Amino acid sequence: MPADRVYRTEAIVLRQRRLGDADKILVLFTPGRGRVEAVVKGVRRTRSRMAGHVEPLTRVNLLLAKGRNLDIVTQAQATETYPAMRADLDRLSRGLYVAEVLDRLTGEPEENPPLFRLLAETLLRLDRTPEPDAALRYFEMQALDLLGYRPQVDACASCGRQLEPVLNYFNCLAGGAICTKCLPVDAYGDRLTVNALKYLRVLQRGTFGDVERVRLPDPLAVEIERHVRGLVRTVMEREPRSAQFLDAVRRTQLAAVAEPAATWGE
């Protein structure tokens with residue numbers, strides 16, 4: 001095979017789908033080519049040596065051959081499988097959400113090393129950090145920024161005036177925070193508290209260490225999630241299917257915690 005037809009790359013597998021009886025198409029995110037689809041042949045056969053190396057949410061080193069329509073994976077070596085995340089349905093649901101968001105918000109192959117680094121760091125945090133929700137919110141805000149959808153949290157998204165430390169509003173369609181003077185009575189605007197605005201700024205401008213050090217009370221965490229996920233949903237123009245799965249897992253866990261308490265009180 002000519003050398004110019006073969007290339008190596010690191011990648012993270014976002015998802016896969018079946019092709020024929022034995023093959024699969026992988027949706028990959030790479031540092032040098034962005035989102036790439038490639039075929040891995042024979043991977044569904046029981047004796048395939050590559051099967052365990054190309055599962056979704058796996059970081060892998062690949063050797064690929066350029067094809068007419070899709071490139072072909074000829075070698076694969078997993079470098080990170082995130083075992084703790086895979087063993088915890090709550091964390092896994094977040095990983096699947098991250099993969100879907102990146103899959104849907106990236107199109108034609110385009111170099112984006114910072115976005116690949118963010119993806120890899122996020123999966124590692126979901127595998128190891130005690131604060132998986134913080135990792136998810138940080139990923140959402142940083143990914144929106146890197147993809148050109150940076151939300152406005154410093155000045156009003158409508159008039160451009162600096163936001164005052166008072167109750168403001170958040171409008172996903174407008175692209176961020178809205179001051180009270182620019183919100184017509186009949187317009188959509190979700191309440192944006194002062195502490196939520198401060199935290200959104202930390203998510204946008206701070207490091208993950210800065211974000212991780214902040215402990216959010218439950219009502220504030222719910223408000224932040226509503227605003228940030230609303231932005232993602234608006235940009236995607238649909239509700240991520242994995243978000244519904246994430247919410248279902250959360251409801252199941254809350255019910256499991258509440259049930260013993262109810263029994264004890266009877």
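This is a predicted model: local features need pLDDT of at least 70, side-chain atom pairs count only at pLDDT 80 or more; totals for chains, interfaces and linings use all residues.
Reader: How are helices and strands named here?

Author: Both are DSSP runs numbered from the N terminus: helices are H or I with at least four residues, and strands are E with at least two.

Reader: In which direction does strand 3 run relative to strand 5, and how many bridges join them?

Author: Strands of a sheet pair through backbone hydrogen bonds, either parallel or antiparallel. Two strands count as paired if DSSP finds at least two bridges between them. Here strand 3 (residues 34-40) and strand 5 (residues 71-80) run parallel and are joined by 3 bridges. Val-40 stands opposite Val-73 of strand 5.

Reader: How many bridges join strand 4 to strand 5?

Author: Strand 4 (residues 59-65) is joined to strand 5 by 7 bridges, and the two run antiparallel. Between strand 4 and strand 5 the chain makes a hairpin through 5 residues.

Reader: What is the strand order in the open sheet of 3 strands?

Author: The order is 7-6-8, with antiparallel pairing. Strand 7 (176-178) and strand 8 (190-192) are at the edges with a single partner strand each, so one side of each has no neighbour in the sheet. On average, neighbouring strands of this sheet are turned by 45 degrees against each other, direction ignored. Axes are lines fitted to C-alpha atoms, for helices over the stretch in contact, and angles run from 0 to 180 degrees between N-to-C directions. Strand 6 (residues 168-171) pairs with strand 7 in the antiparallel sense over 3 bridges, and Tyr-169 has Ile-178 in strand 7 as its bridge partner.

Reader: Which strands does helix 5 touch where it packs on this sheet?

Author: Contact means heavy atoms within 4.5 Å. Helix 5 (residues 194-205) touches strand 6 and strand 8, and its direction makes about 80 degrees with that of strand 8. Helix 7 also packs on the sheet, touching strand 6 and strand 8, with its direction at about 125 degrees to that of strand 8.

Reader: At what angle do the axes of helix 3 and helix 4 cross?

Author: Two packed helices are described by the angle between their axes and the distance between the axes. Angles under 35 degrees count as roughly parallel, over 145 as roughly antiparallel, 65 to 115 as roughly perpendicular and the rest as oblique. The axes of helix 3 (residues 113-128) and helix 4 (residues 132-146) come within 9 Å and cross at roughly 170 degrees. These two helices are therefore roughly antiparallel to each other. The contact includes Leu-115, Leu-118 and Arg-125 of helix 3, and Ala-135, Tyr-138 and Phe-139 of helix 4. Its residues divide into 10 nonpolar, 2 polar and 1 charged; Ala, Val, Leu, Ile, Met, Phe, Trp, Tyr, Cys and Pro count as nonpolar, Asp, Glu, Lys and Arg as charged, and the others, Gly among them, as polar.

Reader: How do helix 4 and helix 7 cross?

Author: The axes of helix 4 and helix 7 (residues 218-236) come within 10 Å and cross at roughly 40 degrees. Helix 4 and helix 7 are therefore oblique to each other. Residues that meet include Arg-137 and Met-141 in helix 4, and Ile-224 and Val-228 in helix 7. This contact has 7 nonpolar, no polar and 4 charged residues.

Reader: Is Leu-28 buried or exposed?

Author: Buried means under 20% relative accessible area, exposed over 50%, and partly exposed in between (1.4 Å probe, protein chains only). Leu-28, found in strand 2 (residues 23-30), counts as buried at 1% relative accessibility. Not counting residues up to four places away in sequence, Leu-28 touches residues including Ile-12, Val-36 and Leu-62.

Reader: Where does Gln-152 lie?

Author: Gln-152 lies in the loop between helix 4 and strand 6 and is partly exposed, with a relative accessible area of 31%. Gln-152 and Ala-174 are 22 residues apart in sequence and 8.9 Å apart in space, C-alpha to C-alpha.

Reader: Which residues is Arg-125 in contact with?

Author: Leaving aside neighbours within four places in sequence, Arg-125 is in contact with Arg-91, Ala-135, Tyr-138 and Phe-208. Arg-125 counts as buried at 18% relative accessibility.

Notes:
Residues are numbered from 1 along each chain as its sequence is written. Side-chain values use heavy atoms; hydrogens and water are left out.
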